[in-house]
Amino acid sequence: MTGSVTVTRRSPIRVLSIDNPPVNGLGAAVRRGLAEELERALADADVDAIVIAGRGKMFCAGADIREFGQDPPPDTPHLPDVIDAIEASTKPVVAAIHGVAAGGGLELALGCHARVASSDARVGLPEVTLGIIPGAGGTQRLPRLIGVEAALELIVSGKLIPAAEAKKLGFIEEVIHEDGDGDVVEAAIAHAQTITTPRRSSEGELDTDEAVFDAVKKSIAKKARGFDAPYAAIDAVRAATELPIREGFARERAIFLGLVNSDQARAQRHVFFAERAVAKVPDVPKDTATKDIRRVGIVGCGTMGGGIAMSFADAGIPVIVLETEEAALDRGLQSIRGVYESSVKKGRISKEEMDARLGRLQGTLEASELNDADIVVEAVFESMEVKVDVFRRLDEICKPDAILATNTSTLDVNEIADATKRPENVIGTHFFSPAHIMKLMENVRGKKTSPETVATVMKLSKRLGKVGVLVGVCDGFVGNRMLYAYRRQADFLLEEGALPQQVDGALYDFGLPMGPFAMADLAGLDIGWAIRKRQAPTRPKDLRYSPIADRICEMDRFGQKTGAGWYRYEPGSRTPIPDPEIEKLVIDVSAELGFERRTIDDTEIVNRCMYALINEGAKILEEGIALRPGDIDIVWIYGYGFPRYRGGPMFYADTVGLDKVYEFMAKLYQEQGEWAKPAPLLEKLAKEGKSFKDYADSNPA
Ligand code: T1G
């Protein structure tokens, strides 16, 4: 064993196995080990061919991302050099791929003279998801193997594809079914012995016209808005068509090195690790017992109840949906069927798959039919009175160990839990609309929620293909509570001189999928109005409050669903059109409140809304409502479309500098009072010249 490479002598074949758990990352030791063992094998006359494989659950997940930004130990070969040596080998080298070959791991395999994969393997170049591009030859070798268009599709999307598809494309030579054909290493050994002349992927010229690149740029314009890496990847592949191979490699490397320490790459690396960290709950160890979820009950088949039911059916779990009236149940089930039918029409799922999912869904008007559910998710009207009544009844009907979950987006989960005799089995599972699509689940832990209930629901989030983030109980939990602070500044900016389309435009350009006013129109203004009415009795009377949103609701304008809200909408269209009536209302309210309207630029708009959001995030952290700054980032990225290339609001704050955020909020505090009071944690970190990352490192969750 050299470094993290084990050697198996199967004369005349030498097998080099990467052994660097958990994902065989190509860290310094692995690169050194591969280089040294390759040299030995080439020098050994008893060796006719070499197989490279991976120990454990996969071949190799690429470069060790944790080593980025660090200088490797001296004499550590760079990955491109290791791969060049493999490709130059006069003895055939075959990659034996199982599990995953991703990024540098696939580039390593592309440097080999052939690739044999097990049928369950997935392969791809996901570097763009980390804000970089393949930097070890992938953008030069892959197009030469499968053509420019197919290579662009894989590199620019960053997706992993099944081995069978890769074989069809032409960069996997053989796919074996390990249950039938023996293991992949054996197959690779056999394959190596069939090779007489090693085929080198970097050989051969490429020719293509510019239209191909323009077409890709056009096709990704919406999805890749604001991201640098996908466009850099297109430039690298273009270099493969314009330059001889060595110059192409150099061009790729230069683009890669230009990105690897960029703000976007550091942000997307942060998101990669933050997304994996959210699953770790300090006082709920990995081996905490979890309940088996075989059958699920949903209370309410409205927009949220229906979407939640689909999430479970999509994940293969039988669901029974309870409604109070036949008409409501029919409407709900019909809308679910409608969503599936349009997915079939769009070719997203097959008719058979639709039928299978609908087959798992059952409607009922009989609450007693929820008696054998392992978990029941309540998704009824957002009223404490209604929810407490539902939970009292569920407590009587459901089996003793069933989990009772509420989909409330703002209400006190402890109060709901205390309405039952099983508060330890009560938890919040806050889905985001549309629930069958949005990946985020805010799992709300009450004072009495047991570790088993937490562990079960966190595991269930993963099973549903969602990202579950554990949060504590407060008004609006993490996402909506921060949204209140963000939205408040947006409202105040209208009174001071901005207009809805300007505020929305500035935040759209910042990278959000839409601004606060267009988002409110999409969600429906009646929801926010109900929340403001509920909060009115406890809202501090001496603090500023913007009446504009209430006035719009009093005009029966509730957004897209009524054809008018902050904007007006043509029938059947979701395109927001600025409405002079709203402009007049905004200007009238300014005058009414004594504001002299002033010119406000986009930078102030972004700073006011973002810094207020971050400040609320800091309060949430110090109150322990969120475990880590990264958890808050994941909530905003998966729940509100915060741009991944900015890393989330808390990571973004670190790139701006907490001193700047603090100074800005401290100044706003002078003008607005309590609403803008800097969080003590923000003040402390800013004055100590520290970041939220420093806070996370010194308060490991
Ligand atoms: N480096 C370091 N750690 C990694 C890692 C990597 N490449 N991939 C995963 N981990 C850690 C992860 O943080 C987690 O740690 C554990 O491994 C299990 O991961 C030159 C420069 C392979 C599909 O983008 O997509 O090569 O939380 O929970 O669900 O061109 O991991 O347990 O402490 O995700 O089974 C390109 C990244 C690198 C692939 C497996 N490669 N990894 O999924 O496990 S850049 C990637 C994944 C590159 C070259 C460039 C997934 C996976 P912990 P996991 P999983």
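# Chat on a predicted model: salt bridges and overall build

Tutor: E496 is buried, with a relative accessible area of 8%. Keep in mind that this is a predicted model.

Student: Which residue forms a salt bridge with E496?

Tutor: R598 does, and the closest N and O atoms are 3.1 Å apart. The pair links distant parts of the chain, 102 residues apart. E496 sits in helix α19 (residues 479–496), while R598 is in the loop between α24 (580–592) and α25 (602–622).

Student: Which residues are linked with R598 and E496 in a network of salt bridges?

Tutor: The network also takes in E495, R544, E604 and R608.

Student: How many salt bridges does the structure hold?

Tutor: The count is 51.

Student: OK, R557 next. What does R557 form a salt bridge with?

Tutor: One partner is D579, with the closest N and O atoms 2.9 Å apart. R557 lies in the loop between α23 (548–554) and β18 (567–568), and D579 in the loop between β19 (577–578) and α24, 22 residues apart. The side chain of R557 also meets that of E581 in a salt bridge, at 3.5 Å from N to O. E581 is in helix α24, 24 residues from R557.

Student: Why does R557 count as buried?

Tutor: Its relative accessibility is 6%, and buried means under 20%. D579 is buried too, with 11%, whereas E581 counts as partly exposed at 46%.

Student: Changing topic. How many helices and strands are in the chain?

Tutor: There are 30 helices and 19 strands. The radius of gyration is 28 Å, close to the 27 Å that the globule rule gives for 701 residues, so the chain is as compact as a globular protein of that length. Its C-alpha atoms fill a box of roughly 90 × 60 × 50 Å along the principal axes.

Student: What percentage of the residues is buried?

Tutor: Buried residues make up 56% of the 701. A455 is buried, for instance, with a relative accessible area of 12%. A455 is found in helix α18 (residues 451–463).

Notes. Residues numbered from 1 in each chain as written. Predicted model: local features only at pLDDT ≥ 70, side-chain atom pairs only at ≥ 80, totals over all residues. Heavy atoms only, no water. Helix = DSSP H or I, 4+ residues; strand = E, 2+ residues; numbered from the N terminus. Rg over C-alpha atoms; globule rule 2.2 N^0.38 Å. Buried < 20%, exposed > 50% of the residue type's maximum accessible area, 1.4 Å probe, protein only. Salt bridge = Lys/Arg side-chain N within 4 Å of Asp/Glu carboxyl O.
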